[in-house]
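Morning, everyone. Please have the viewer open while I talk.

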Amino acid sequence: MKFKYLMLIPGLLSGSTVFAAADNECYSYMDNKEYSKAETQCLEACNRNDSLGCFALGILYREGLGVKQDHIQAKSYFEKACSMNDGGGCVNLGNSYFDGTGVKQDYIQANTYYEKACSMKHGGGCFNLGKSYHYGTGVKQDYSQAKTYYEKACNLNYGSGCHRLGVLYGLGYGVKQDYNQASSYFEKSCSLKFAPGCGSLGALYEDGLGVEPNNAVAKEYYKKACNLSEQNGCDAYQELNDKGN
């Protein structure tokens, strides 16, 4: 049985870096990757108590885009954004505490900010809190709680949350093992362009778990994962090709 994607769960924390308000110069420069200009405009926006301006500054300083990398500055801007109820700011502030960048590592504090972000319907906050319960990071390990927060993330169309739900059902962690449910969540994850969701669904079709075995369909999903820069999908696609399937 292959089902490799259940064992190769992405480990990265989630945080938003999308800037949709193109009419604002700060966000426009961010979208266009003109980071030096973005820093000037985002600082002005943040000084006007524009939470997304503060959030954007946090990203610039965390990544060293157009400015010298400075995790302490990044944390301060995420903190200001979060204080203005910006979900992305809270998620990334939580990530600062989780990773210990710009602040002393503190998983409990990280989870507090993830919970705040989740309460504001930010999928990344729900996902990260679910991940903490999944692995018992800063909280007692609890697969049932992990499922609850992954469900919230998935219901907010957060692809990684849907994928993790599929993983729980595929492995029977905190729920009765159910490959049909797993395939449903992987399918939604893939439709949201989360590459491991596509790869996991491909593995189900290859192994015939919860779906009729179909190598042609498996290859389609592996190809989707590969096109979304998932190397495991590329490898699985090539492996089926090499077998003449």
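I will go from the whole chain to single residues.

First, some ground rules. This is a predicted model: local features need pLDDT of at least 70, and side-chain atom pairs count only at pLDDT 80 or more, while totals for chains, interfaces and linings use all residues. Residues are numbered from 1 along each chain as its sequence is written, and side-chain values use heavy atoms, leaving out hydrogens and water.

Now the overall picture. How many helices and strands are in the protein chain? There are 13 helices and 0 strands. Both come from DSSP runs, numbered from the N terminus: helices are H or I with at least four residues, strands are E with at least two. The chain has a radius of gyration of 20 Å, close to the 18 Å from the globule rule for 245 residues, so it is as compact as a globular protein of that length. That radius is taken over C-alpha atoms, and the globule rule is 2.2 Å times the number of residues to the power 0.38. The C-alpha trace spans about 60 × 40 × 25 Å along its principal axes.

How much is buried? Of the 245 residues, 49% are. Buried means under 20% relative accessible area, exposed over 50%, and partly exposed in between, with a 1.4 Å probe and protein chains only. Next, contacts, meaning heavy atoms within 4.5 Å. Take those between residues at least 6 apart in sequence: 53% of them join residues at least 24 apart.

On to the core. In soluble globular proteins, nonpolar side chains tend to be buried together. A nonpolar core here is a set of buried Ala, Val, Leu, Ile, Met, Phe, Trp, Tyr and Cys residues joined through side-chain atoms within 4.5 Å. The largest one has 64 residues, and M30, C42, L57, L204 and Y205 touch the most other members. Which helix gives the most to this core? Helix α3, residues 51-63, with 7 residues. Look at L57. Leaving out residues up to four places away in sequence, L57 touches E39, C42, L43, C46 and Y77.

C46 brings us to disulfides. A disulfide is a pair of cysteine sulfur atoms within 2.5 Å. Searching the whole structure finds 7. Let me show you three of them. C46 pairs with C54, S to S 2.1 Å. Both C46 and C54 are buried. Their link is right-handed, with 95° about the S-S bond. Next, C154 and C162: the sulfur atoms are 2.1 Å apart. C154 is buried, and C162 is too. This link is right-handed, at 95° about the S-S bond. Then C190 and C198, again with sulfurs 2.1 Å apart. C190 and C198 are both buried, and their link is right-handed at 95°.

Is S200 buried or exposed? S200 counts as buried because its relative accessibility is 0%. S200 sits in helix α11, residues 195-207. Its side chain makes a polar contact with the side chain of H163, at 2.9 Å. A polar contact is a pair of N or O atoms within 3.5 Å; within protein, one must be able to donate a hydrogen and the other to accept it, and residues adjacent in sequence count only if both atoms are side-chain atoms.

N128 lies in α7 and is buried, at 0% relative accessibility. The N128 side chain makes a polar contact with the side chain of N95, at 3.3 Å. K131 is in α7 as well, which covers residues 123-135. K131 counts as buried, with 9% relative accessibility. K131 and R164 are 33 residues apart along the chain, yet their C-alpha atoms are separated by 8.6 Å.

Last stop: helix α12, residues 215-227. Its 13 residues should span 18 Å at 1.5 Å a residue, and the end C-alpha atoms are 18 Å apart, which agrees. The expected span is 1.5 Å times one less than the number of residues. V217, A218, K219, Y221, Y222 and A225 are buried in α12. The buried residues of α12 pack against α10 (179-191), α11 and α13 (231-242). What caps the N-terminal end of α12? N214 does: a side-chain oxygen lies 3.0 Å from the backbone nitrogen of A216. Just after α12, S229 takes a positive phi of about 70°.

That's my tour. Thanks.
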